[in-house]
Amino acid sequence: MATAGADRITLEIISSSLQAISDEMFAAFRKTAMSAIIYEVLDMGTAITDPFYGGVTHLNDVVLAMPIFAGDDLIAWTANIAHWNDVGGMVPGSISNEAKEIFQEGLRLPAVKLISEGRPIKSVMEIMKCNSRLPDYLQGDMWAGIAAARVGERRILELVAKYGLDTFVSALRVFMDYGEQVARRTLEGLPKGTFALQEEQDSGAVYSVTVRITEDEFIVDLRDNPDQDAGPNNASRDGSLVAAQMVFMNITDADSSANAGHFKLLTLLTRPGSVFDARPPAAFATYYEVEIRLYDLIWRCLAPHLGDRLPAGSFGSICGTFIGGPHPDTGRHFTIVEPQVGGWGGSAFRDGNNAMFSGFHGDTFNCPAEVAEARYGLFVDRLALNDEPGGEGEHRGGKGIVLEYRVRANGCFFTCAYTRNRHRPWALGGGREGSPNRAEVIRADGTVEAYAVVTALEVNEDDVIRIHTGNGGGYGDPRRRPGELVREDLRNGFVTKEQARAIYGAVPNDWS
């Protein structure tokens with residue numbers, strides 16, 4: 001496999017260096033971006049790859065890819081993807097639950113050249129800027145992505161100069177082969193067979209999955225699913241593949257870096273024109289809720305068959321929250337884009353995590369209240385764990401959050417599209433299902449409006465947007481919950497004494 005003189009240690013050093021280069025690109029992007037959705041929430045990613053033209057997410061997620069040449073040889077691409085706050089379209093933030101086709105969602109960017117011979121093509125940049133309500137943020141985030149790609153190029157060329165092109169290419173093969181070997185070893189230990197699940201969604205649509213596990217294949221079949229949605233609740237085939245890949249990583253090697261070799265054993269079957277393989281001109285703005293529903297569907301399908309490997313269902317929604325309008329101090333338009341944290345499901349070993357992003361969010365963070373108040377025209381009045389019932393079990397589901405944004409100016413807007421509202425996080429082994437994701441708008445006059453899906457709702461000064469994210473599902477019969485954990489729930493205010501008696505059958509004798 002390797003060329004003469006390319007010993008295994010050198011190949012391993014190069015493989016590890018590629019991961020380090022991607023991490024350095026990530027750090028450069030984070031430190032130079034304009035938008036908090038990138039530098040705080042980290043709604044972005046970096047990679048060294050060989051991409052092809054195609055869309056994975058929605059128009060807000062813009063991919064910058066840079067070819068890397070060693071002499072005349074194209075040896076790699078550095079790439080990054082990040083959520084840009086506004087790329088045009090029918091509503092601020094470019095996310096509309098009412099869009100019927102992708103043309104309504106903003107500027108479509110095919111594989112167009114942005115930099116030529118090291119210099120920006122100003123006309124292309126101006127086209128992007130003039131389609132955005134936040135052109136300065138768009139320009140700042142774009143240059144951050146360019147800088148990250150260039151950092152990757154510099155480091156890769158340093159590697160090639162140090163070890164030689166043949167050795168570099170050999171290291172890539174070793175890296176891919178290792179990924180395949182890891183996945184294959186884990187696949188051998190999984191139960192073999194065909195597993196299927198149908199699940200109704202909050203919209204009333206029924207999503208279906210069949211997973212077949214053999215000695216050398218992991219097949220996810222999504223062909224028996226509804227036609228693509230007339231609105232924006234669609235996923236591309238690439239996006240559906242990402243959902244399947246993430247579940248595959250969760251059960252085969254959650255601690256390892258993924259590469260193309262790791263996924264050689266994974267096969268995805270879709271039907272063109274369906275909700276998981278939508279065709280033009282389908283709208284995609286809320287693709288993320290379709291993909292997290294798919295991720296959770298595959299997870300739920302497999303969980304009962306994999307012993308204690310997987311926990312119960314989580315709050316299972318991106319809970320994307322979009323608030324914007326005129327800033328009360330500057331008069332400039334602002335848009336906050338924030339996914340939310342929530343409760344994970346209980347497992348056979350412990351309670352679920354409180355206030356964490358779902359497994360589908362990636363390595364993201366919530367935006368600190370101090371940053372939100374400094375950058376946006378809002379006050380953060382409250383951020384607390386959700387103490388409502390739901391998720392009880394021998395090991396309870398983790399708690400979601402309650403988050404309150406108080407609007408500081410008239411003429412602002414609120415958009416959201418939360419799932420796991422009607423159909424709550426699912427339980428395992430006799431536990432209880434979790435609590436719903438939902439939002440309330442508490443008007444200045446005290447009236448309360450409830451939402452799970454809304455587009456560009458007008459909100460004004462002193463209106464409060466209160467977000468509730470769900471508690472995860474419980475694992476195991478609540479009556480088997482150990483006394484010390486019941487005491488902990490009582491101390492934390494997660495249950496009252498009366499609730500503890502009703503749920504767990506008793507209150508510890510030493511609890512007054």
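Which residue lies over the face of F379? The residue is R408, at 4.7 Å from the ring centre. A charge counts as sitting over a ring if NZ of Lys or CZ of Arg is within 6 Å of the ring centre and within 35 degrees of the ring normal.

The model is a predicted one, in which local features need pLDDT of at least 70 and side-chain atom pairs count only at pLDDT 80 or more, while totals for chains, interfaces and linings use all residues. Residues are numbered from 1 along each chain as its sequence is written, and side-chain values use heavy atoms, with hydrogens and water left out.

Aromatic rings come next. A pair of aromatic rings is described by the distance of the centres and the angle of the planes. Rings of Phe, Tyr and Trp (its six-membered ring) pair if their centres lie within 6.5 Å; planes under 30 degrees apart are stacked, over 60 edge-to-face, and the rest tilted. Searching the whole structure gives seven aromatic pairs. Helices (H or I, at least four residues) and strands (E, at least two) are DSSP runs, numbered from the N terminus. F218 has a relative accessible area of 0% and is therefore buried; F248, also at 0%, counts as buried. Buried means under 20% relative accessible area, exposed over 50%, and partly exposed in between (1.4 Å probe, protein chains only). Y287 and Y288 form another edge-to-face pair, at 5.6 Å centre to centre and 85° between the planes, and both residues are buried.

A nonpolar core is a set of buried Ala, Val, Leu, Ile, Met, Phe, Trp, Tyr and Cys residues joined through side-chain atoms within 4.5 Å. The largest has 127 residues, and F218, V220, I298, L302, Y405 and F414 have the most contacts inside it. Helix α7 (residues 287-302) supplies the largest share of this core, eleven residues. Leaving aside neighbours within four places in sequence, I298 is in contact (heavy atoms within 4.5 Å) with V209, V211, V220, A244 and V247. Another core, of seven residues, lies apart from the largest one and includes L490, V495, A500 and I503.

Q340 lies in the loop between β11 (333-338) and α8 (369-375). Its relative accessibility is 1%, so Q340 counts as buried. The side chains of Q340 and T321 are joined by a polar contact of 3.1 Å. Such a contact is a pair of N or O atoms within 3.5 Å; within protein, one must be able to donate a hydrogen and the other to accept it, and residues adjacent in sequence count only if both atoms are side-chain atoms. Beyond four places in sequence, the contacts of Q340 include F315, C319, H361 and T469.

Last come the cysteines. With a disulfide taken as a pair of cysteine sulfur atoms within 2.5 Å, the count is zero. For C367, the nearest cysteine sulfur is that of C319, 16 Å away; C367 is buried, at 8% relative accessibility. For C416, the nearest is again that of C319, 8.5 Å away, and C416 is buried at 1%.
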